[in-house]
Amino acid sequence: MDLGLTDAAAVVVGGSRGMGLATARCLADEGARVAVLGRSRPDLDDAVEDLTHRGSPDAIGLVADVRDADEIAAAFAELGQRWHGELNVLVNTVGPTVQGRFDILTDDQWLAAVEDGVLSMVRSVRGALPLLRKAEWARIVNFSAHSTQRQSIPLAAYTAAKAMVTSASKNLSLLLAEDEILVNVVSPGTFVTPALVDWAHSVGVESDDPYRLMAEISKHYGHPAQLPRAGRPEEIGPVVAFLASRRNSYMTGANVNVDGGSDFT
């Protein structure tokens, strides 16, 4: 299926690792011009080299801290100059890293979750919106989490921040409907990302096997999926690529679960 992404200008915020990189790869495979934003220059350089060997020969990696409004604004200003003021696709994958129970989290930890998980998206949309509005067609895809529908005690602030992303995205879809800019959310379940592997190491599991990691997640948090394994990042990329494409022409304000099976609707 041709997704109509050839030569589309696409930005993946948090696109140098994990599910963000998997998404950027899918967009590049479809022929899009892809830029990835992140904080680590080495990770960005590796991502750009990878994307360049795929379908995005002019891939761009820009260092920008999503917690710094000026850096995000500057990154999108640079992209506007490179891409003649237009942008077709914005994907926000950045999320908070704060963990802890509701009754022990500090004010600073709650604020950090909102800063990393919500304002990162807000700043990126703010920077991208003038470019998206100038394009012939445009899509926004924001990452939430299936934990907003299946609560876990140690993820109180993380889940609250992701719920804010889902709600704000729905509001944004209403705002941008008259511009025919489609806004959707994906809610990943348990995926084999660098963050998950690091967590597994912290509890004594030296493995990136999706079955072994799901077993460990089940032990600590309860089994979160019908399938017996964690997802692989490359399994979410095609879902995001469709939502971000011209093929998706009438789906907006939706929350798509990519979680290995659940009873969420």
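View A. Helices (H or I, at least four residues) and strands (E, at least two) are DSSP runs, numbered from the N terminus. Residues are numbered from 1 along each chain as its sequence is written. Because the model is predicted, local features need pLDDT of at least 70, and side-chain atom pairs count only at pLDDT 80 or more.

**View B. The buried side of helix 7.** Helix 7 comprises residues 210–221. Its buried residues (under 20% relative accessible area, 1.4 Å probe, protein chains only) are P210, L213, M214, E216 and I217. They cover an arc of only 160° around the axis (taken from the directions from the helix axis to the C-beta atoms), so they lie on the same side of helix 7. An α-helix has 3.6 residues a turn, so residues three or four places apart point the same way. The buried residues of helix 7 pack against helix 6 (194–202), where contact means heavy atoms within 4.5 Å.

View C. Seven strands, paired in parallel, form an open sheet in the order 3-2-1-4-5-6-7; two strands pair if DSSP finds at least two bridges between them. Strand 3 (60–63) and strand 7 (255–258) stand at the edges with a single partner strand each, so one side of each has no neighbour in the sheet.

**View D. Strands 1 and 2.** Strand 1 (residues 9–13) pairs with strand 2 (residues 33–38) in the parallel sense over five bridges. Within this pair, V13 stands opposite L37 in strand 2.

Conventions. Heavy atoms only, no water. Expected span 1.5 Å × (residues − 1). Buried < 20%, exposed > 50% of the residue type's maximum accessible area, 1.4 Å probe, protein only.
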